[in-house]
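Colleague: Let's go through this model together. I will ask, you answer.

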Amino acid sequence: MLNKPDDNKKDISTDTGSGSSARFFSHSTRLFNHHVPTEFVLLGFIEFFALMAAYFIGVDLRFSDSIWNQQFGDYLAHAILFAIIMQMSLIAFGAYQRQPEQSNAMLAARIGASMMLGMVVLSLTFYIAPVFFLGRGAFALAVLVSFVVVMMIRLIFMRISNAYDLRLRILVLGAGQTANLVKESQANGELKGVNLVCYMPMPGDRGAESGISLVKTPGALVKYVADNQIDIIVLAMDERRKGLPVHELLDCKMGGVEVLDLLTFFERHTSKIRLDIMQPSWLFLSEGFEVNNFRRMWKRVFDVTCVLLLMPVVLPLAALSAVAILIDSRGREGVIYSQTRVSENGRLFQIYKFRSMVVEAEKDGVARWAAKNDARITRVGAVLRKFRLDELPQLFNVLRGDMSFVGPRPERPEFVERLSENIPYYNERHRVKPGLSGWAQIRYPYGASEEDGFEKLQYDLYYVKNCSILLDILVILQTAEVVLLGKGAQ
C-alpha cells in the first residue's frame with residue numbers, strides 16, 4: 001500500500017481527480033521568473049474586463065444617455081485606468097492569493113477594503129490628472145457595481161474550485177527523512193494550493209514506513225501518474241543513486257507531467273529558497289541570480305518614478321509625523337536620526353528615519369533588535385512604527401541611490417557580522433541594493449533574532465534570484481496591506 005497524507009481518507013488508487021479538463025487550471029504560469037497559479041491569471045483577465053464593464057454601467061446608470069453606442073471611445077481610457085487601479089487594489093489586499101477556508105463574509109470584507117483603497121487612489125488621480133475626472137455620482141455607482149460584479153465572479157470561482165478541486169496534484173517520490181520536509185512544510189501551512197496525493201517509498205529511504213514502491217514494477221509508475229492525474233512529481237528520495245526510475249520519469253515528463261527536484265519545488269510553492277537542503281552549486285547552476293546594465297537601468301527609473309509619484313501623499317504625512325514627534329518630546333529631541341546600515345556589495349551608508357525611540361536607546365553602546373512592547377519606543381514612535389511612517393525619510397535614501405524601493409531590508413553592520421558568521425550565504429543578500437520594502441517583509445513577520453534572520457534570508461535570496469519588475473510591483477502592492485493593517489510592526 002502506498003504512503004499518503006493522513007487527511008486523504010479515500011483509496012489512492014481510485015482517486016482519479018476531476019479529469020483532464022481541470023489540469024490546465026492546476027498548472028502555474030511563469031511571469032518574469034515568478035510562478036503564478038494559472039487560475040488566478042485567468043481570473044485576473046476576467047475581472048479586468050469585468051471592472052471595465054462595471055465602469056461603463058456606472059456611468060450609464062448615472063447619465064442614461066446610451067453611452068455604450070454613442071460615447072464608448074470617449075470613456076475607454078477612463079475605463080482602462082479605473083480597471084487597472086481597482087485591480088491593483090485587489091492585488092494589494094491579497095485577492096489573488098490562495099486564502100485557506102475564507103468565508104463569504106471575509107471575502108466581501110477583502111473586496112470592500114480593496115474598493116475603498118481604489119477609491120482613494122482614483123480620487124488622488126483625478127486631482128493630479130483632471131482629464132480623467134468622473135462625477136461623484138457616476139464614480140460611486142461604478143465602484144458599487146464593481147463590488148457586486150467582482151463578488152459574483154469570486155463566488156462562482158469558489159464554487160468551481162470546490163467542485164473540480166483545482167489544486168495541483170503532487171506525487172512525492174520518496175517517503176523517508178527528505179520527504180518528511182514536505183510533510184512539515186504542509187503542516188506549517190506553507191504549501192497552499194497543492195494536493196499531496198501520495199508519498200512513494202524508494203530504495204534507500206531512511207526511516208520510511210513500510211510500503212510498496214511502484215518503481216519496482218516496469219510501467220507501473222507511468223500508469224499510476226496517468227490514472228491519478230498527477231501534475232508534478234517531486235524527487236524527495238534520501239538516496240538518488242538507488243533505483244531512480246529514469247526512463248519512467250522521462251516518459252512522464254514527455255507526457256506533460258513536471259518533474260522537479262525538492263529545492264525547486266519549495267522555491268516555486270513557498271516563494272523562498274530552502275537553505276537547509278541547498279547545494280552550493282545550485283546558486284550558479286540554476287536560472288536567476290543575474291544582474292546586467294539593463295536591469296540596473298530599469299530598476300533606477302522605477303525607484304525614482306515611485307518616489308516622485310508618492311510625494312504628494314508622503315509630504316503631508318511626513319509633516320504631521322514631525323510635528324507629532326516634536327510635541328511628544330516637547331522639542332527636546334531631534335525629529336530625524338541616522339544610522340549606519342549595509343548596502344549593495346557591503347558598502348556602508350547612513351539611513352534616515354523618524355525618531356521612534358528615546359535618545360539614549362543604546363546608551364551602553366550595544367546594538368539590539370527592537371522587541372515586542374519595547375520600552376525604548378516612545379508613544380508617538382509606536383504609532384509611527386505600526387504604520388511604517390518612521391521609514392518615510394528613507395525615500396531620500398532611494399533618491400540618492402543608497403537604497404532601492406524594493407529589496408532586502410538593510411541591516412546594521414553589527415548584525416550583519418554576527419549573522420554572516422552563523423548563517424551560510426547571508427552575505428549573498430547584498431548582491432542587490434537594500435529596499436524600503438522587500439519580499440521577506442511581506443512574507444514573514446518582523447525579525448528580532450538569528451532564527452528570524454535565517455528565515456528571512458530564504459525569502460531575500462528568492463528575491464535576489466528572481467528579481468523582476470513584476471515582483472517589485474507585487475511587493476509594493478502587498479506592502480499596502482502590511483502598512484494599512486499594521487502587520488508585523490514592532
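Colleague: What covers the buried residues of α8?

Modeller: First, the basis: this is a predicted model, where local features need pLDDT of at least 70, side-chain atom pairs count only at pLDDT 80 or more, and totals for chains, interfaces and linings use all residues. Residues are numbered from 1 along each chain as its sequence is written, and side-chain values use heavy atoms, without hydrogens and water. Buried means under 20% relative accessible area, with a 1.4 Å probe and protein chains only; helices are DSSP runs of H or I, at least four residues, and strands are runs of E, at least two, numbered from the N terminus. The cover includes β3 (168-173), β4 (194-200), β5 (232-235) and α9 (246-254).

Colleague: Why do the buried residues of α8 lie on the same side?

Modeller: The residues are Ala 220, Leu 221, Tyr 224 and Val 225. The arc is taken from the directions from the helix axis to the C-beta atoms. They share a side of α8 because they cover an arc of only 130°.

Colleague: Which residues does Met 278 touch, not counting residues up to four places away in sequence?

Modeller: Contact means heavy atoms within 4.5 Å. With that sequence limit, Met 278 touches Leu 263, Ile 273, Leu 283 and Tyr 425.

Note on methods. Buried means under 20% relative accessible area, exposed over 50%, partly exposed in between (1.4 Å probe, protein chains only).
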